[in-house]
Amino acid sequence: MTPAPSIAGVVLAGGASSRFGRDKAEEMYRGCKLIDWSIAALTPCCAAIYVAGRAHDACASVPDRPRAGLGPLGGLAGALTAARERGFTRLLSLPCDTPHLPEGLLERLCRSDGAAFVRACPVIGIWPSADADRLADWLEKDGPRAMRAWADAIGAQAVETDSPIININRTTDFARLAQN
């Protein structure tokens, strides 16, 4: 796939990794940091890639919006704002802890009309950058901080996958994945 000039991507990498026990974005897997697996997955689809929640040498970092500590939605709000400011109309989001995605999933999301997310892992989605202020207002007014609640509030389409998405939240998950 050729990167769409209207689509930016974001790796959501600001979590505390408390269930994992150490910084999972920086964890090495098959010779590459987990965060870099996500950047590589976004690269074929996106004209620019941001990292929310941390600095990264290869990508622009974006701060959470409206403030830090709001979870993935704060990172998404910050990246939507950055994308809108640079003229991107949509933003493809991916967490830093999903090194294996079903083939063609991100391309399928990019072809969606409007907002869409993966039902099994709602932090994977495509979002209109025009919703940046709406999401920041939602968070400022203490709206639910769950990605699925936000997706429902804006009428985002839930996309099904044929195969499971492995989301690494615990070192035991990582150990099992590393063995395969």
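Student: Which residues does Thr98 touch, leaving out those up to four places away in sequence?
Tutor: Thr98 touches Cys121, Ile165, Ile166 and Asn167. Keep in mind that this is a predicted model.

Student: Is Thr98 buried or exposed?
Tutor: Thr98 is buried, because its relative accessible area is 2%, and buried means under 20%.

Student: And where is Thr98 found?
Tutor: Thr98 lies in the loop between β6 (90–95) and α3 (105–110).

Student: Switching to helices. At what angle do α2 and α4 pack?
Tutor: About 150°, with the axes 8 Å apart. α2 covers residues 72–85 and α4 covers residues 132–140.

Student: Why are α2 and α4 called roughly antiparallel?
Tutor: Their angle is about 150°, and angles over 145 degrees count as roughly antiparallel, so α2 and α4 get that label.

Student: What about the handedness of the α2 and α4 crossing?
Tutor: That crossing is left-handed.

Student: Which residues meet there?
Tutor: From α2, Leu73, Gly74, Leu76, Ala77, Leu80, Thr81 and Arg84. From α4, Ala132, Asp133, Leu135, Ala136, Trp138 and Leu139. The residues of this contact divide into 9 nonpolar, 2 polar and 2 charged.

Student: New topic, confidence. What is the mean pLDDT of the protein chain?
Tutor: The mean is 89, and 88% of the residues reach 70 or more.

Student: Which element has the lowest mean pLDDT, and which the highest?
Tutor: Helix α6 (residues 171–179) has the lowest, at 54. Strand β7 (residues 116–118) has the highest, at 98.

Technical notes
Residues are numbered from 1 along each chain as its sequence is written. This is a predicted model: local features need pLDDT of at least 70, side-chain atom pairs count only at pLDDT 80 or more; totals for chains, interfaces and linings use all residues. Side-chain values use heavy atoms; hydrogens and water are left out. Axes are lines fitted to C-alpha atoms, for helices over the stretch in contact, and angles run from 0 to 180 degrees between N-to-C directions. Helices (H or I, at least four residues) and strands (E, at least two) are DSSP runs, numbered from the N terminus. Angles under 35 degrees count as roughly parallel, over 145 as roughly antiparallel, 65 to 115 as roughly perpendicular and the rest as oblique. A crossing is left-handed if the near helix is turned anticlockwise from the far one by less than a right angle, and right-handed if clockwise. Contact means heavy atoms within 4.5 Å. Ala, Val, Leu, Ile, Met, Phe, Trp, Tyr, Cys and Pro count as nonpolar, Asp, Glu, Lys and Arg as charged, and the others, Gly among them, as polar. Buried means under 20% relative accessible area, exposed over 50%, partly exposed in between (1.4 Å probe, protein chains only). pLDDT is the predictor's confidence in each residue, from 0 to 100.
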